[in-house]
Amino acid sequence: MDRSSELTAVRRHRVGVERREGLAASPQPEREALAQESLVDAAGGPRTRKNSPGGSGGASRGAGTGLSEARAAVAIALYLLALRALVQVSLQQLVLRGTSGHPGEFDARQARDYLEHITSIGPRTTGSPENEILTVHYLLEQIKLIEVQSNRLHKISVDVQRPTGSFSIDFLGGFTSYYDNITNVVVKLEPKDGAQHAVLANCHFDSVANSPGASDDAVSCSVMLEVLRVLSASSESLQHAVVFLFNGAEENVLQASHGFITQHPWASLIRAFINLEAAGVGGKELVFQTGPENPWLVQAYVTAAKHPFASVVGQEVFQSGIIPSDTDFRIFRDFGNIPGIDLAFIENGYIYHTKYDTADRILTDSIQRAGDNILAVLKYLATSDMLAAASEYQHGNMVFFDVLGLFVIAYPSRVGSIINYMVVMAVVFYLGKKLWQPKHKTVNYTKDFLCGLGITLISWFTSLITVLIIAVFISLIGQSLSWYNHFYVSVCLYGTAAVAKIIFIHTLAKRFYYVNANDQYLGEVFFDISLFVHCGFLITLTYQGLCSAFISAVWVAFPLLTKLCLQKDFKQHGAQGKFIALYLLGMFIPYLYALYLIWAVFEMFTPILGRSGSEIPPDIVLASILAGCTMILSSYFINFIYLARSTKKTMLTLTLVCIVTFLLVCSGTFFPYSSNPANPKPKRVFLQHMTRTFHDLEGNIVKRDSGIWINGFDYTGMSHITPHVPEINDTIRAHCEENAPLCGFPWYLPVHFLIRKNWYLPAPEVSPRNPAYFRLISKEQTPWDSIKLTFEATGPSHMSFYVRTLKGSKLLQWSLGNGTPVTSKGGDYFVFYSHGLQASAWQFWIEVQQVLEEQPEGMVTVALAAHYLSGEDKRSPQLDTLKEKFPDWTFPSAWVCTYSLFVF
């Protein structure tokens with residue numbers, strides 16, 4: 001360094017020291033003036049940095065100038081807790097008035113009566129007498145009573161449909177479905193003189209095996225019955241028909257809706273639909289899918305719904321495939337080319353598809369709000385001129401979201417894009433104003449901004465890595481899902497670790513890099529950085545065409561307005577109590593809505609992680625989600641780290657909470673599951689007592705065994721079960737039959753890629769009274785030198801057919817679906833079959849191309865699994881004995897099945 005440079009550096013250092021000393025000793029007015037001068041100097045000209053430590057805030061921070069750590073931490077904590085409480089209050093407010101019951105209005109008490117009658121029948125699997133006879137008879141009986149009480153202005157027509165068909169779907173990796181003689185109860189309510197157009201309301205009355213299916217989906221059918229009663233008794237005439245579809249085979253992967261929309265004569269009248277579903281038990285029903293396109297449908301819901309609860313975020317998350325589920329919405333959209341609205345109950349998914357899904361767990365207010373909404377929207381659509389010309393209004397998507405369930409904001413996505421880019425331009429103007437100053441004034445700001453951006457990204461990345469390391473360790477020691485029954489554990493473990501790491505990184509930067517920088521200047525820089533990051537997300541999401549970009553727009557626009565309004569007061573008085581209060585007030589809307597969405601995310605994903613299979617470590621997923629939420633929520637509070645005098649106590653508290661929680665989790669203090677009758681959170685286990693038979697190319701039996709095949713639906717496997725049922729341990733782990741499709745096991749659905757850990761407990765053979773039969777009817781050579789194999793199968797209401805082509809062969813086509821074979825994950829072919837009470841033998845063919853002339857091992861391996869889900873055949877003494885040994889915090893769903901493999 002030359003002599004002049006040394007003198008310049010010394011002079012700058014002395015000026016800095018004199019200013020600090022003068023600031024500490026001067027009276028209050030003079031001190032504030034000097035602080036303002038320091039902020040201007042820091043923003044406009046060069047400043048000194050030194051790499052030696054000088055206290056947590058650096059040498060430039062006097063004892064009385066910084067923001068109180070306790071005040072800031074308590075204020076932020078109370079602020080977030082207050083917002084969370086406000087969100088909770090809004091969620092518990094199911095209806096905005098008392099229970100109805102007046103003529104012409106929806107009566108939840110009557111709907112509950114329907115619900116209790118349907119669920120009293122018991123589990124209603126397709127093909128069982130409970131589903132095909134008892135439930136159908138009850139529905140027809142109630143519809144007849146409603147018809148008797150209906151107004152003469154309306155006409156009611158009833159049809160019981162028994163469709164047969166087949167289709168392929170890309171759900172769960174892709175498979176083909178075939179159904180025969182399943183049941184739909186269809187009711188058409190129309191004006192006395194008839195109607196040419198109709199709106200469809202759909203529910204399903206079938207349930208999964210071993211569950212009463214109150215929320216999924218008996219409550220929706222009960223709501224539809226009551227809506228039918230109210231509309232039919234109304235003295236107001238309808239312009240269009242309303243078709244009520246009570247379908248009896250939705251749990252069979254959407255078969256009944258396919259049978260209606262592709263085969264029923266009334267399907268041609270349908271111009272729009274409302275689908276009622278469930279992914280939880282009770283609470284509010286969420287509109288999570290609309291369209292495709294047809295923004296007028298969203299407007300119809302916005303205009304008519306009395307208790308709106310809707311989000312385009314849910315739509316884009318669901319349609320991304322992250323959630324392993326699907327609804328009849330897909331069938332009506334893809335096979336009927338009809339736009340619609342998809343609603344579902346989402347709360348308390350812990351007991352979804354279990355024995356705990358009972359009518360008493362669904363609040364009457366929950367039924368009332370759903371009924372009010374469905375009735376209002378159906379009435380609006382049935383009297384709308386738009387319904388008749390729905391295709392003319394098919395243009396673009398809609399941005400829509402509710403505000404705490406009070407009302408819905410909706411606007412076209414193209415308008416949303418314009419708003420988003422206007423917000424971006426405001427940020428560009430705001431930041432550009434600082435960067436467009438003369439070069440000597442902006443050099444420090446630009447450099448500090450870029451360095452601060454790097455520090456922020458590093459803090460977020462390291463916080464993610466930290467929680468992932470903790471999650472991996474927790475998973476390796478066998479303590480996964482410790483938060484499943486105690487969600488606060490995840491916040492105390494992963495949330496505190498993420499926050500502490502972010503604060504730690506910024507504290508290091510404050511102490512060792514921004515040594516002599518002014519507090520207010522750094523607070524402003526890091527606010528600008530957070531604004532810039534959210535603006536980047538806004539640009540990206542808008543460019544991708546995602547309607548969810550409105551969230552980023554909210555997280556840019558309101559903070560920017562807050563900053564502009566408080567900028568003058570902040571420069572004059574610094575970060576005092578008034579500034580904190582006004583700053584938090586300005587952030588009210590983005591933080592409130594963020595917590596509202598975060599609640600929905602955890603309400604849906606936490607229960608799903610308890611049934612997502614053995615291959616996805618749930619702690620890693622939840623830790624990642626919590627880290628992401630922490631990054632979002634902390635973004636506009638990072639500047640408080642630099643405004644505060646110290647962060648030691650905050651970091652110490654967070655670290656202590658994390659360590660204590662970590663030790664408690666490692667010791668097994670928090671058990672994942674609960675049998676609490678008021679709030680059960682069971683572990684799901686599938687038990688299949690099966691007999692397997694393997695044949696060779698000549699038809700000889702080469703292997704035959706029997707046992708109880710056990711699948712745990714979460715990552716913990718059988719580790720918690722073994723102490724209660726010692727015979728289920730790792731010595732009986734099931735081994736994959738490499739030469740058989742899907743490892744030679746009777747998978748009910750093609751979820752083999754999600755559950756690779758299973759157990760096989762030897763047991764006596766099963767002998768169903770209605771055994772399955774499978775035979776080759778014919779083997780023909782086609783003119784194009786392929787082989788056509790025709791098969792016939794008979795058996796219970798549910799069967800699975802598996803195909804694997806052998807080396808040198810290729811499956812060209814078959815008589816299923818649209819004729820083109822669809823592979824599942826892993827390359828095998830999966831066919832899901834079901835039938836109603838009475839069905840003929842299932843005949844179908846496959847066509848195999850021989851690539852190699854000599855195939856001593858055969859061309860194709862096929863297997864048939866028969867699943868006995870109802871009646872006496874579903875039980876066996878060994879299965880009942882094993883089930884009784886399971887602890888009460890489990891839900892073992894059990895049935896008998898057979899598996900037969902053949903080579904051709």
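Tutor: Helices here are DSSP runs of H or I with at least four residues, numbered from the N terminus. Keep in mind that this is a predicted model.

Student: Is isoleucine 641 buried or exposed?

Tutor: Buried means under 20% relative accessible area. Isoleucine 641 has a relative accessible area of 8%, so the residue counts as buried.

Student: Now the helix pair. At what angle do the axes of H14 and H21 cross?

Tutor: Two packed helices are described by the angle between their axes and the distance between the axes. For helix H14 (residues 487-512) and helix H21 (residues 648-666), the axes come within 8 Å. The crossing is left-handed. As for the angle, it's roughly 145°.

Student: And how many charged residues are in the contact of H14 with H21?

Tutor: H14 brings residues including Val489, Leu493 and Phe504, while H21 brings Met651, Leu654 and Phe662 among them. Sorted by class, that contact has 14 nonpolar and 5 polar residues, and the charged count is none.

Student: Switching to strands: why is S14 largely enclosed by the rest of the structure?

Tutor: Strand S14 covers residues 758-762. It pairs with strand S13 (residues 701-712) in the antiparallel sense over 5 bridges, and tryptophan 709 stands opposite tyrosine 760 there.

Student: Which strands stand at the edges of the open sheet of 4 strands?

Tutor: The order is S15-S16-S20-S18, with antiparallel pairing. An edge strand has a single partner, so one side is left without a neighbour in the sheet; that holds for S15 (773-781) and S18 (809-814).

Student: How many bridges join S15 to S16?

Tutor: S16 covers residues 786-794 and runs antiparallel to S15. One place to look is serine 778, which stands opposite threonine 790 in S16. The number of bridges joining S15 to S16 is 8.

How values were computed. Residues are numbered from 1 along each chain as its sequence is written. This is a predicted model: local features need pLDDT of at least 70, side-chain atom pairs count only at pLDDT 80 or more; totals for chains, interfaces and linings use all residues. Side-chain values use heavy atoms; hydrogens and water are left out. Buried means under 20% relative accessible area, exposed over 50%, partly exposed in between (1.4 Å probe, protein chains only). Helices (H or I, at least four residues) and strands (E, at least two) are DSSP runs, numbered from the N terminus. Two strands pair if DSSP finds at least two bridges between them. Axes are lines fitted to C-alpha atoms, for helices over the stretch in contact, and angles run from 0 to 180 degrees between N-to-C directions. A crossing is left-handed if the near helix is turned anticlockwise from the far one by less than a right angle, and right-handed if clockwise. Contact means heavy atoms within 4.5 Å. Ala, Val, Leu, Ile, Met, Phe, Trp, Tyr, Cys and Pro count as nonpolar, Asp, Glu, Lys and Arg as charged, and the others, Gly among them, as polar.
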